[in-house]
Amino acid sequence: MKHVVWWWLWLVTVALVAADANGSQKYEKQPSSLEFQFADKEDAAAAAAAPELMVGLTLIDSAASKGAVCLDGTLPGYHLHGGYGSGANSWLIQLEGGGWCNTIRNCVFRKTTRRGSSKYMEKQLPFTGLLSNKPQQNPDFFNWNRVKLRYCDGASFSGDSQNEAAQLQFRGQRIWLAAMDELMSKGMQKADKAFLSGCSAGGLASILHCDEFRDMFPETTTVKCLSDAGMFLDATDVSGGHTLRNFYAGVVSLQEVQKNLPKTCLHHLDPTSCFFPQNLVANVKTPMFLLNAAYDAWQVQASLAPRSADPHGVWNECKGNYALCNSSQIQFLQDFRNQMLNAVSDFSKSNKNGLFINSCFAHCQSERQDTWFADDSPLLGNRAIAVSVGDWYFDRVPVKAIDCAYPCDNTCHNLMSNEDLSSSVTYSQSTRLSLTVLNLLSVLMVPIICSGCIMWFQYAQ
């Protein structure tokens, strides 16, 4: 009997491998709500194989007179690729991410990198994902005016102070305003559609500046915002401390961010609390879309289980491969997901808002082509992220997509790391096959092998 069962398991596994290799979930199956479709698949494949669009850096010459400078005093910059056709008067602004600096020491270091000085910024950047100019990679926004605003202040475009002794300029708010003035002069004042987006620290910035962005346009302009991986939670770390809260307190104090935080929040909470999106999103008046992994990879690595909170490396194996997390670690991560869902609960009740919360270990899914829109990109309700965001922005259908708990989603592109995410991230291919086979084998082998497997399968669900 045992040989028969194992033979049957082997056949099922082979079948699953074949199904995965053949690409069981293709985008041809999605609703035809896209603006652009290729009539010939060979044409689509040829277009997709074309080189990535590289867009040059433009420095904002007028910024210096406004005191809108990077940490080291150099000019801020942006990358702009012009729109055409139906997108000629539509503008998409993406705020770059890249963490924060919370002390004089790490801000001084930061100004020797592209995150603190335009001297070190790449002269050209590839426009992929939400910024792509290819309709088969970015179906709704490919022909818009698309802008990437570089991040060189270290406080999510929100600080306004300086430290003369260390020769540091904390001018994020001024950079934001100077950049918007510059883009308005480039034609954005004529926009009939405008979309403010951002990833990570830029995702937090898109929340902080969303209503301000709306106020820059007439009421006739459709203005909406997207925050990708910007829902940083005021969560307890694995040692019982508050790593991210302590870090944010330094950012807010050092860069005097409180000057530019929403007054509606400051009336009842302290400035550090008002830098956390969970205390802001429900009060944003402008339509907003939250795109976030329920197990945000950066927060797992740097906020929940950083080395400072896990000096003995108990979480190292789990952070390096989430399939190796033990039952208590899985429960800790599930509790974090529950906090994420609670944080967006009131926000999700508004009809104007949108959600895509998938149960992946990911970060910044709108910037990467493989997660934004590709043959095997993440899905919720059989819809890719690009389709979901486009459907919401253009009011085609409401989008309030929240995934089931890990490990049920086999379309994830998980980020793996043996150390902190900021230092050594490696990309793990889609976990569709590994999770499907693993879960199936767990179910089938439970009654045959051991009671320990039963316990594993129960908490893995």
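**Buried rings and crossing helices**

Analyst: Happy to! Let's start with phenylalanine 141, which counts as buried because its relative accessibility is 0% and buried means under 20%. Keep in mind that this is a predicted model.

User: What makes tryptophan 144 buried or exposed?

Analyst: Tryptophan 144 has 2% relative accessibility. The cut-off for buried is under 20%, so tryptophan 144 counts as buried.

User: Why is the pair of phenylalanine 141 and tryptophan 144 called edge-to-face?

Analyst: Look at the planes: they stand at 85 degrees, with the ring centres 4.9 Å apart.

User: Why is tyrosine 84 called partly exposed?

Analyst: Its relative accessible area is 45%. Partly exposed lies between the 20% limit for buried and the 50% limit for exposed, so tyrosine 84 belongs there. Phenylalanine 142, at 9% relative accessibility, counts as buried.

User: Now the helices: how do you know whether H8 is roughly parallel or roughly perpendicular to H10?

Analyst: Helix H8 (residues 297-304) and helix H10 (residues 327-343) pack at an angle of about 115 degrees, with axes 12 Å apart. Angles of 65 to 115 degrees count as roughly perpendicular, so that is the label for H8 and H10.

User: Which residues make that contact?

Analyst: H8 brings Gln299, Val300 and Leu304, while H10 brings Phe332, Leu333, Phe336 and Met340. These divide into six nonpolar, one polar and no charged.

Key:
Residues are numbered from 1 along each chain as its sequence is written. This is a predicted model: local features need pLDDT of at least 70, side-chain atom pairs count only at pLDDT 80 or more; totals for chains, interfaces and linings use all residues. Side-chain values use heavy atoms; hydrogens and water are left out. Axes are lines fitted to C-alpha atoms, for helices over the stretch in contact, and angles run from 0 to 180 degrees between N-to-C directions. Helices (H or I, at least four residues) and strands (E, at least two) are DSSP runs, numbered from the N terminus. Angles under 35 degrees count as roughly parallel, over 145 as roughly antiparallel, 65 to 115 as roughly perpendicular and the rest as oblique. Contact means heavy atoms within 4.5 Å. Ala, Val, Leu, Ile, Met, Phe, Trp, Tyr, Cys and Pro count as nonpolar, Asp, Glu, Lys and Arg as charged, and the others, Gly among them, as polar. Buried means under 20% relative accessible area, exposed over 50%, partly exposed in between (1.4 Å probe, protein chains only). Rings of Phe, Tyr and Trp (its six-membered ring) pair if their centres lie within 6.5 Å; planes under 30 degrees apart count as stacked, over 60 as edge-to-face and the rest as tilted.
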